[in-house]
Amino acid sequence: MLMNPFLMNIDFKSGDLKPNDRTNIRKLSNMKGMFLDTESERRILESGDPLIYSFSEKVLPEEPGHLQIAMTSINPGKVGQEYYMTKGHYHKLAHTSEVYLGLEGRGCLLMQTGDGIFASLDIRPGVLAYIPPFWGHRMVNTGNTPFIFFAVYPGDAGHNYGDIEKTGFAKILVERNGETFLANNPRWKKGSSF
Ligand code: S6P
Ligand code: ZN
């Protein structure tokens with residue numbers, strides 16, 4: 001069936017994508033066990049359930065030839081020493097790629113392959129990252145303001161969260177004594193997603 005061309009509006013400052021079909025909310029309780037410091041996680045959850053990130057999507061056909069588009073906003077904050085971040089995922093079709101474009105705030109893109117190759121890229125407004133096939137990807141907010149970015153990826157890519165939920169990424173982004181750095185994740189084990 002022929003689809004009609006359409007326009008959408010992006011508010012770079014707030015991250016609003018309009019009109020969108022779906023806004024997904026990820027609170028700390030939706031990410032249990034994903035931050036290394038589970039004691040800090042428990043303490044935070046005793047007094048509330050902070051919003052870590054939200055992302056809005058236009059629902060498009062999950063078919064080859066189409067693209068999916070999304071806007072994400074990650075709040076500033078930390079669980080223990082670890083910065084707020086997205087869950088992160090591989091694509092179900094692992095051989096599909098993705099583009100992230102930084103719009104507001106500052107962050108870092110963590111990537112890794114199923115056999116343990118790790119990479120990270122600093123993202124700022126106007127910086128575009130190309131995530132090639134087979135790389136799992138997670139965004140981290142390393143600033144003091146919301147970190148907002150645009151994503152576009154193949155229509156049929158799908159998402160595989162399971163492997164990341166089990167072991168996380170090989171490295172985590174932490175702040176210690178005012179310094180931001182990548183630390184080894186003691187919980188990480190080599191995945192087997194493809
Ligand atoms: C989808 C794309 C983004 C993320 C969003 C939330 O392929 O990478 O739209 O879905 O940033 O992250 P996550 O890891 O919870 O899907
Ligand atoms: Zn993706």
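Me: Buried means under 20% relative accessible area, exposed means over 50%, and partly exposed lies in between (1.4 Å probe, protein chains only). On that scale, is Gln112 buried or exposed?

Reply: Gln112 belongs to strand β9, residues 107-112; strands (E, at least two residues) and helices (H or I, at least four) are DSSP runs numbered from the N terminus. Its relative accessibility is 1%. Because this falls under the 20% limit, Gln112 counts as buried.

Me: Which pLDDT do local features need in this predicted model?

Reply: Residues are numbered from 1 along each chain as its sequence is written, chains are lettered from A and ligands numbered from 1 in the order written, and side-chain values use heavy atoms, with hydrogens and water left out. The model is predicted: totals for chains, interfaces and linings use all residues, side-chain atom pairs count only at pLDDT 80 or more, and local features need a pLDDT of at least 70.

Me: Which residue has the backbone nitrogen that the side chain of Gln112 reaches?

Reply: A polar contact is a pair of N or O atoms within 3.5 Å; within protein, one must be able to donate a hydrogen and the other to accept it, and residues adjacent in sequence count only if both atoms are side-chain atoms. The side chain of Gln112 reaches, at 2.6 Å, the backbone nitrogen of Ala170.

Me: With which residue does the side chain of Ser56 make a polar contact?

Reply: Ser56 is placed in strand β4. Ser56 is buried because its relative accessible area is 9%. At 3.0 Å, its side chain makes a polar contact with the side chain of Thr23.

Me: How far apart in space are the C-alpha atoms of Asn24 and Tyr53?

Reply: Asn24 lies in strand β3 and is buried, with a relative accessible area of 13%. In sequence, Asn24 and Tyr53 are 29 residues apart; C-alpha to C-alpha in space, they are apart by 8.5 Å.

Me: Where in the structure is Pro19 placed?

Reply: A cis peptide bond, with omega of about -10°, joins Lys18 and Pro19. Pro19 is placed in the loop between β2 (17-18) and β3 (22-27).

Me: What is the relative accessible area of Phe134?

Reply: Phe134 lies in the loop between β11 (128-131) and β12 (136-141). Its phi is positive, about 80°, although it is not a glycine. Phe134 is partly exposed, and its relative accessible area is 39%.

Me: Is Asn177 buried or exposed?

Reply: Asn177 is placed in the loop between β14 (171-176) and β15 (179-184). This residue is not a glycine, yet it has a positive phi of about 50°. Because its relative accessibility is 81%, Asn177 counts as exposed.
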